[in-house]
Amino acid sequence: MCDVLGALTSIPVPGGDAAALSFYYRATEVLRAFRSALDSTDLEALRIVATELQTEIPPEFIPDGSVVAGDAAASYRHLEGKMVVLYSLTESAITRAKQILHGLLPNIDVRTNSEHDGSAQLAQLSKSADVFVVVTASAKHAATNFIAAERGARPIVKVNSRGSSAILRELANYVG
């Protein structure tokens, strides 16, 4: 549900603000029952969506009134100062993941790519990235093979789900 909310504002629809805000309120109402299952990255995503909708995250989603971003950043400190490339054909998911990572770690270099096959830009990103993420659930086989060939022996973080939460989970667990 956090991924759906993230997609809601990552690619805005002209004139859709009232509907988006209504959906946000209904979704957070449903999420209240599952509050304990949300991790700090999910809460950061909710905070970002709330900000984009010019509202606030409900107070019960903020543990002890603390700043959610400070808690969430700890899981990604190993990526500070690195170039991370996110590849997926689901642009809204990598856009949201990039936005969350930038919010958590201001000095991270996150780039996104959604090309269907090889190009000079994708080749350069594949060769120069410290961490390269491929969302295999939303990638063309030809592009995935191209990236693997360009990276050589350097690792690729594979994500087998389309949402930004899955991308962030894999990056939090990546030890490269």
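Figure 1. Strand S1 (residues 83–87) is mostly covered, with 5 of its 5 residues buried; buried means under 20% relative accessible area, exposed over 50% and partly exposed in between, for a 1.4 Å probe and protein chains only. The model is a predicted one, in which local features need pLDDT of at least 70 and side-chain atom pairs count only at pLDDT 80 or more, while totals for chains, interfaces and linings use all residues. Residues are numbered from 1 along each chain as its sequence is written, and side-chain values use heavy atoms, with hydrogens and water left out. Helices (H or I, at least four residues) and strands (E, at least two) are DSSP runs numbered from the N terminus. In a regular strand the side chains alternate between the two faces of the sheet. From S1, Met83, Val85 and Tyr87 point one way, Val84 and Leu86 point the other way, and all are buried.

Figure 2. Two strands pair if DSSP finds at least two bridges between them. S1 pairs with strand S2 (residues 109–113) in the parallel sense over 5 bridges, and Arg111 in S2 is the bridge partner of Val85. Between S1 and S2 the chain passes through helix H5 (residues 91–104), and this β-α-β crossover is right-handed: with the strands pointing away from the viewer, the path from the first strand over the helix to the second runs clockwise. Strand S3 (residues 131–135) also pairs with S1 in the parallel sense, over 4 bridges. Val133 in S3 stands opposite Leu86.

**Figure 3. The largest nonpolar core.** A nonpolar core is a set of buried Ala, Val, Leu, Ile, Met, Phe, Trp, Tyr and Cys residues joined through side-chain atoms within 4.5 Å. The largest has 27 residues, of which Leu86, Val133, Ile167 and Leu171 touch the most other members. Two or more residues each come from H3, helix H4 (68–73), S1, H5, S3, strand S4 (157–159) and helix H8 (164–173). H5 gives the most to this core, with 6 residues. Leaving out residues up to four places away in sequence, Leu171 touches Tyr76, His78, Leu79, Val84, Leu86, Leu101, Val131 and Val133; contact means heavy atoms within 4.5 Å. Another core, of 14 residues, lies apart from the largest one, and Leu31, Leu46, Val49 and Leu53 are among its members.

Figure 4. The buried residues of H2 are Ala20, Tyr24, Ala27, Thr28 and Leu31. Seen down the axis, they fall within an arc of 100 degrees, so they line one face of the helix; the arc is that of the directions from the helix axis to the C-beta atoms. These buried residues pack against helix H1 (2–10) and helix H3 (40–52). The face turned away from them carries the exposed residues Ala18, Ala19, Arg26 and Glu29.

**Figure 5. Helix H3 and Gln54.** The buried residues of H3 include Leu43, Leu46 and Val49. Just after H3, Gln54 takes a positive phi of about 60 degrees, although it is not a glycine. Most residues other than glycine have a negative phi. Gln54 is placed in the loop between H3 and H4 and counts as exposed because its relative accessibility is 77%.

**Figure 6. The buried side of helix H6.** In helix H6 (residues 120–128), Leu122, Ala123, Leu125 and Ser126 are buried. They cover an arc of only 165 degrees around the axis, which puts them on the same side of H6. The buried residues of H6 pack against S1, S2, S3 and helix H7 (141–151).
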